Amino acid sequence: MPSVTAYMILGSLLFALGLVGFLSRRNLIVVFLSTELMFQGVLVNFVAMGSLRGQLNGQIFALHLLVIAAVEAGVALGLVVYLYRRKATLDTESWSGMWG
Amino acid sequence: MTAVDLIGLALVVLLGPLAGCLVCGALGPGFLKGRTHWAAILGVGSAFVASVLVFQRVRGAGEAGVPVEIELYRWFSAVPDIWFSIGLWVDQLTSLMLLVVTGVALLVVIYSREYMREDGRPVRGYERFFAYLGLFVFSMCALVLGGNFLLLYLGWEAVGLCSYLLIGFYYDRPSAAAAAKKAFLVNRVGDFGFALGILMIYLTFESVDFATVFGLVESGVDAGGHALTSGRMTLIALLLFCGAVGKSAQFPLYVWLPDAMEGPSPVSALIHAATMVTAGVYMVARCGVIFAASPVAMTIVACVGAFTALFAATIALVQFDMKRVLAYSTVSQLGYMFLGLGVYAGSAAVFHLYTHAFFKALLFLGAGSVMHAMGGVIDIRKFSGLRRIMPWTYATMVVGALALAGMPLLSGFWSKDEIIHAAFAHNRLLGVVGLLTALLTAFYTFRMIFLAFHGVTKTPEGVHAHESGWWIRWPLCVLAAGALLAGFVGVYLHGGGFLGIFEPEGVLHRFLEPALPAFAAGEPHAEAAGHLARFGLMYLSGLLAIVGIVLAYVLYVDSPMIANILARTFPRTRAVLQGKFFVDEAYEQWIVRPARSLGYVCYNLDLYFIDGVVWLVSDLPRGLGYLFRVVQQGRLQGYGASMVFGLAILTLIVFWR
């Protein structure tokens, strides 16, 4: 049985991977997947923390977040589809109309 | 005569021209077009008919029935119990002025039917012209009928506005636009004094109604019952006179009137000769009680009038623009009127106003007829011998010129002579100035006539010279008849008078007397001056008129060589006169240019300092925005990186402690 620290390192790694993906990839879907990855890293941390303190709070919270993430994924993918229809591209660089 | 009766007539006098103006303005451009003059003729005509009826009623009422005060409605109150009302005041002076104003206006409107056309087609702005004329007649009647100083001032400013609009009628000509602006601004100077005078009257008498003010002045107390000081009365009178100096083009402020000739000729005839410029004379005559309370003011009025009369007459000697000669002549004749007022000859001044309206309107309309025929050229060096081409215009203008010159038995003679006589009885120097001016008047008037109508027939190149049509000839003939005969209402037949039959101070004077009570006291009577001196003066002024005419004939028809020699002998005098004493240049140098510099300074102060402060207020947030807008790159990953960066800093802060 690996220690809680190991789980937390796993969670941090997942978060860091997602962050790097988020900052470096230009495909909208991959960027979105990266955010999901960061999400999962946070969930792992929640569960690990919960087991460290011997409570179920962490796991319940994680289940909640999974549902919310599913819903959010639906909305986000819908937006991606919509954006794709507008410009027929998934490049994040082409959506920079808000520059000051 | 009942007041109710008069209200109706007075309202017709006021509303007729106003309705004409509105119809011309509203229906003219789209519907009436070339027929617009009918609306104006009907409007002004109804006012004329009503004026005649008012005159009859006033005559019929006699001394007891007038003045009639009519309060139409209460306008507003400044403090409780002091009301400013729209009120009319009808007396002999009013009714005579109404006759002059509406009568001349009617003829001018009829005349304009043809004058404002080129080759039979209405000029651009034909409808606008008649609308303005209607508005002018309305304003002038309001000025004359007004029963308090507020209405007087209202009409005063309204006629000034109409004058401005009509001088600038050809607004696409820069000279016309400049002349209109000049007239308005110069009048502003006088009107400022006038407004102050009215404020002084209000402060002193707590009322601006003629009846109240004149009553208090006559009893010599102000609103609080304190005795009036002569200083205060002098101040009020002089401030009022300021307005008259501006409106009636007297010495320091006369400069706008010659330039006002840029307007169409009918306008010059109506506004700048017969009616509006006499508003100042009317006002001083109306406020005679106030002026008579201050001998100093009366002296100043007389001196300004006498000086202006002589001064303008000398300038008129050498002008070549026919309308400008007449304009200076108008200034000079208005000077006569003020001279008359200043020497307590109120009825003589009003008599001169009345005769002057006929012959000066006639001369201006005649000059307009010449200008119309010459294709807009009015320089008397460019044409001559027109009497063969334009016999009607020539004949009527000679009648007008004779009347202006003071030819015995014509209208101008009677009225001018009375003023000269009164001036003589008052002060010998003023009388001599009056006589000298009479000589000059005869000379310059006939110089103009001889240069334009005599000699070899010559017209400007490319102009088909022709006599004007009946719409122009007819008003000329009516006015010529007036110039011939109007003077006879001022005399009566009596053995032993002038030429053995004419005695001055006739019907008109006895009619006017009740309306001009203040002047009666100081008015010299024929007896006082002595019969011989009285009629000797009449013969003398008649003789001077004839001498002036003969002199003009000798110099400009018989032997023009003499005129040339004279011009060459006195080149400096001639240059000064031709340059109009360089008064315009002096004003330009000492008043206009400093004022313009001041305006330039203020403009720049506004542009750079005040605007600068305002811009600073708006530029500060804008600059800050410039600084921070770079943060908004608009890139998804950019925002992500910023968030990570911020998070990292927060984390460092948390863990470093």
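Which domains does the domain assignment of chain B give? In this predicted model, the assignment divides chain B into domain 1 (1-147), domain 2 (302-569) and domain 3 (584-656). Taken over C-alpha atoms, the centres of domain 1 of chain B and domain 2 of chain B are separated by 28 Å. The contact between these two domains involves 15 residues from domain 1 of chain B and 20 residues from domain 2 of chain B.

On the side of domain 1 of chain B that touches domain 2 of chain B, at least two residues each are supplied by helix H2 (36-65) and helix H3 (92-115) of chain B. H3(B) provides the largest share of this side, with eleven residues. Classified by residue type, the side of domain 1 of chain B that touches domain 2 of chain B consists of nine nonpolar, one polar and five charged residues.

A further position examined in chain B is Phe241(B), which lies in helix H8 (residues 230-247). Phe241(B) is classed as buried because 31 other C-beta atoms lie within 10 Å, where the cut-off for a buried residue is 20 or more. When neighbours within four places in sequence are left aside, the residues in contact with Phe241(B) are Val284(B), Ala297(B) and Val301(B). Asp191(B) stands 50 residues from Phe241(B) along the chain, and the C-alpha atoms of the two residues are 9.6 Å apart.

Definitions and conventions: Residues numbered from 1 in each chain as written. Chains lettered and ligands numbered in written order. Predicted model: local features only at pLDDT ≥ 70, side-chain atom pairs only at ≥ 80, totals over all residues. Domains from an automatic or database assignment. Contact = placed C-beta atoms within 7 Å. Helix = DSSP H or I, 4+ residues; strand = E, 2+ residues; numbered from the N terminus. Nonpolar A, V, L, I, M, F, W, Y, C, P; charged D, E, K, R; others polar. Buried ≥ 20, exposed ≤ 12 C-beta atoms within 10 Å, placed from the backbone.
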